[in-house]
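Me: I would like to go through the terms used for this model, one at a time. Please set each value against its definition.

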Amino acid sequence: MRIDVLSLFPSMFTGVFEQSIIGKAQQRHLLDIEVTDFRAYSDDLKHHTVDDYPYGAGEGMLLKPQPIFAAMAALEQKQPGPKRVILLDPAGKKFDQSVATDLATSEHLVFICGHYEGYDERIRHLVTDEISLGDYVLTGGELGAMVVIDTTVRLIPGVLGNESSADHDSFSDGLLEHPQYTRPADYNGMQVPEVLTNGNHQLIAQWQAKEALRRTYLRRPDLLQKVTLTEQQQKLLAQIKQEEK
C-alpha cells in the first residue's frame with residue numbers, strides 16, 4: 001500500500017511513521033508513506049499563502065483550493081492510478097473498525113489534512129471519502145490522519161507478526177475484546193482466572209467468548225444493538241445479565 005499525506009505541518013509526522021508496526025511495515029516494503037507540505041504548491045511565490053477570508057463574512061480563515069489542487073496534480077503525475085482521497089472533516093462519516101477494514105483493501109490512500117477554520121468547498125471535488133473521528137473539533141487534520149493510518153495499516157495482510165491478531169481485536173466482530181493476562185499468575189493477591197491456566201483450550205475459548213460479551217454488555221451495551229448474536233451468544237448473554245444483577 002502507498003499512503004500520501006498532504007499537510008501544512010509535515011514535521012508533526014516526524015518519527016511517528018518510523019516506529020513500531022508502521023515502521024516495520026515500511027522496512028518490509030509492505031507500505032510506503034510520504035508526507036508533502038502543500039504550502040510548497042501555493043501560487044503566491046512571495047508569501048506562500050494557502051488561506052484567505054471566506055466570502056460572505058464569517059470567522060477564521062479557509063484553505064484556498066489552488067494549493068491543494070496543485071499538490072494533487074503533482075501527486076497524480078508522480079503516482080498515476082486510482083486513489084482513495086480522504087478528507088478529515090467533522091461532517092464526514094464517523095470512523096470505526098469497519099471503515100478501516102474497507103480502507104485496508106485499497107492500494108493508494110491520500111489524506112488531505114486541513115487547518116484553520118475549514119476548507120474552500122471546491123476542495124471536495126478531489127475527495128472520494130470524508131471521515132470524522134467523532135463529534136469534536138481538532139486544530140487540524142494531522143492527528144486524525146495518524147489515527148486512521150495506524151488503524152488501517154495494521155489490517156494490511158502481513159503487517160502484524162501474528163496474522164490472526166487483528167481478527168481478535170476489539171470491534172473486529174462487533175464486540176469488545178475479552179480481558180487478557182500474562183505472568184505472574186498471582187500479583188499482589190490479584191490472580192489470573194484459573195480457567196486460563198488449566199490448558200483446556202475449549203474451556204478457555206468459552207470463557208473468552210463469555211467475557212467478551214460481559215465486557216461489551218457492561219461497558220458498551222450500544223454495540224449489542226449493532227450485531228447479530230448467535231444462539232449460543234444469546235444464552236451466554238442471558239447468563240451474564242442474571243450474574244450481574
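**Terms and values**

Reply: In β8, S132 is the bridge partner of K94. The model is predicted, so local features need pLDDT of at least 70 and side-chain atom pairs pLDDT 80 or more, while totals for chains, interfaces and linings use all residues. Residues are numbered from 1 along each chain as its sequence is written, and side-chain values use heavy atoms, without hydrogens and water.

Me: What makes β5 and β8 a pair?

Reply: Strands pair if DSSP finds at least two bridges between them. β5 (residues 84–94) and β8 have five bridges, in the parallel sense, so they pair. Strands here are DSSP runs of E with at least two residues, and helices are runs of H or I with at least four, numbered from the N terminus.

Me: Why is β8 called an edge strand?

Reply: The open sheet has five strands in the order β2-β1-β6-β5-β8, with parallel pairing. β2 (32–37) and β8 (129–132) each pair on one side only, which makes them the edge strands. On average, neighbouring strands of this sheet are turned by 30° against each other, direction ignored.

Me: What is the unit made by β1, helix α1 and β2?

Reply: β1, helix α1 (residues 20–27) and β2 make a right-handed β-α-β unit. Right-handed means that, with the strands pointing away from the viewer, the path from the first strand over the helix to the second runs clockwise. β1 and β2 pair in the parallel sense over six bridges, and in β2 the bridge partner of I3 is I33.

Me: Why is R214 called buried?

Reply: Buried means under 20% relative accessible area, exposed over 50%, and partly exposed in between (1.4 Å probe, protein chains only). R214 has 14%, so it is buried. R214 is found in helix α5 (residues 201–219).

Me: What makes the link between R214 and E244 a polar contact?

Reply: A polar contact is a pair of N or O atoms within 3.5 Å; within protein, one must be able to donate a hydrogen and the other to accept it, and residues adjacent in sequence count only if both atoms are side-chain atoms. The side chains of R214 and E244 are joined at 2.8 Å.

Me: Why is the pair of F13 and F17 called tilted?

Reply: Rings of Phe, Tyr and Trp (its six-membered ring) pair if their centres lie within 6.5 Å; planes under 30 degrees apart count as stacked, over 60 as edge-to-face and the rest as tilted. F13 and F17 are 5.5 Å apart, centre to centre, with 35° between the planes, so the pair is tilted. F13 is buried at 4%, and F17 is buried at 5%.

How values were computed: Axes fitted to C-alpha atoms, helices over the stretch in contact; angles between N-to-C directions.
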